[in-house]
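Please read them with the sequence and the coordinates open beside you.

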Amino acid sequence: MTTTEEQVSNTEISVKYLAPEDIHVAGSLLYQAYHEDPLLINILNEPNDSKFESKLRALIREELSSFSKAGQPIIGVYVGGNLVAVACVFISQSEIDATRGWNWRLRLMMAAGRLQTRQLLEKERTIKSKLSVHESYYFLSFIAVDPHYQGLGYGHYLLNALDTLVNENLEVSGLAVFVTRGNQVNFFEAHGYQLIEQLTFKSASGELLFKPRTDKLEKTL
C-alpha cells in the first residue's frame, strides 16, 4: 500500500501499515469498538461481564497474531505519531487459514470456549461460501477508530487506504465486509459497497457487503 500523508489543521495525519510496537494499542482500539458488537456478544455467550471481556480480548489477541504471522495487512491511521484508527484485512485463499491450525484453535478454545470457537469458524465458512463467486478478494475483518477521534473522518481515511490497497493488487476483485450495525452499513454504502446478502448467526444478523475494485466499478458505469 502506498503511504499517504496530509497536513490537516496543522496536525500530521499518516496512513500506513501498522508498526509492530503498536499491536497492543490496536488491540485496545478493537476491544473498544467490538465490545458492544451484537454478533460477538451472541457467539461468546458470556453473561459475566469480566469473563466476556476476557474472552473478547483473547479473541482479538489471537486474531491479530494470526494476521501478523500470515503477513496480512493491518493498516493504521496515525495523528501526530499516535495510532487513532486501525483496519485488519486478509486476502482470500491466503495463508491465514493455515495459521489457524490446532495451536490457534486450542488457545482460543481455552480462552473463549470450544463452542464459541466452532461458531466463529462456522461464521467464517458461511461468509466465504457466499463470496465464492469472487475468486480472489480482500475481506475486512476488523475496523476501529479511537472513541476520542470518532466523527472526524478517520474512518474515511481507512476506507480510502483500503481502496488503494485493492487497486494496487491486480489479482483481487474487490473488498468484502460483514456489518452488524445499521449505521455502519450506511457508512460503507456511502463508499460504494453493495449489499450481497443479509445473514443471521444465532440471534444476531448483519449485512454482507462487497465493493468491486475501482477500475472494474468504473467499467460498469
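1. Strand S3 and strand S4 (residues 82-91) pair in the antiparallel sense, and 6 bridges join them. Within this pairing, Tyr-78 has Leu-83 of S4 as its bridge partner. The two strands form a hairpin with 2 residues between them, and in that turn Gly-80 has a positive phi of about 60°. Please bear in mind here, and throughout, that this is a predicted model.

2. S3 also pairs with strand S2 (residues 11-17), again in the antiparallel sense, over 5 bridges. In this second pairing Tyr-17 stands opposite Ile-75 of S3.

3. Helix H1 (residues 23-34) has 12 residues and reaches 16 Å from its first C-alpha to its last, which is close to the 16 Å expected at 1.5 Å a residue. Its buried residues are Ala-26, Gly-27, Leu-29, Leu-30, Tyr-31 and Tyr-34. These buried residues pack against helix H2 (38-44), helix H3 (49-70), S4 and strand S5 (138-145), and S4 is the strand that pairs with S3 in point 1.

4. Leu-208 has its place in strand S8 (residues 204-212), and it counts as buried because its relative accessible area is 0%. Leaving aside neighbours within four places in sequence, its contacts include Ile-127, Leu-131, Phe-139, Val-177, Phe-178, Leu-195 and Ile-196, and also Lys-130, Gln-194 and Glu-197. Val-179 is 29 residues from Leu-208 in sequence, yet the two are 6.4 Å apart in space, C-alpha to C-alpha.

5. Phe-188 lies in helix H8 (residues 182-189) and is classed as buried because its relative accessible area is 2%. Not counting residues up to four places away in sequence, Phe-188 touches Leu-140, Ile-143, Leu-159, Val-177, Val-179, Tyr-193 and Leu-209.

6. Which helix gives the most to the lining of the second largest pocket? That helix is H8, with 4 residues, while H1, S5, helix H7 (154-168) and H8 each supply at least two. The pocket holds about 500 Å³ of space and is lined by 22 residues, of which Ala-144, Val-145, Gln-150, Asn-183 and Gln-184 lie nearest its centre. By class, its lining has 11 nonpolar, 9 polar and 2 charged residues.

7. A search of the whole structure finds 1 cavity of 30 Å³ or more, and the largest cavity has a volume of about 40 Å³. Its lining consists of Asp-163, Val-166, Leu-175, Tyr-193, Lys-211, Pro-212 and Arg-213, with H7 and S8 each supplying at least two residues. The lining divides into 4 nonpolar, no polar and 3 charged residues. Tyr-193, one of these lining residues, is also among the contacts of Phe-188.

Key: Residues are numbered from 1 along each chain as its sequence is written. This is a predicted model: local features need pLDDT of at least 70, side-chain atom pairs count only at pLDDT 80 or more; totals for chains, interfaces and linings use all residues. Side-chain values use heavy atoms; hydrogens and water are left out. Two strands pair if DSSP finds at least two bridges between them. The expected span of a helix is 1.5 Å times one less than its number of residues. Buried means under 20% relative accessible area, exposed over 50%, partly exposed in between (1.4 Å probe, protein chains only). Contact means heavy atoms within 4.5 Å. On a 1 Å grid over the protein atoms alone, a cavity is a set of points where a 1.4 Å probe fits but cannot get out, and a pocket is an open set with protein on both sides within 12 Å along at least five of seven lines; lining residues have an atom within 4 Å of a point. Grid points are joined across faces, edges and corners, and a volume is the space filled by probe spheres set on the points. Ala, Val, Leu, Ile, Met, Phe, Trp, Tyr, Cys and Pro count as nonpolar, Asp, Glu, Lys and Arg as charged, and the others, Gly among them, as polar.
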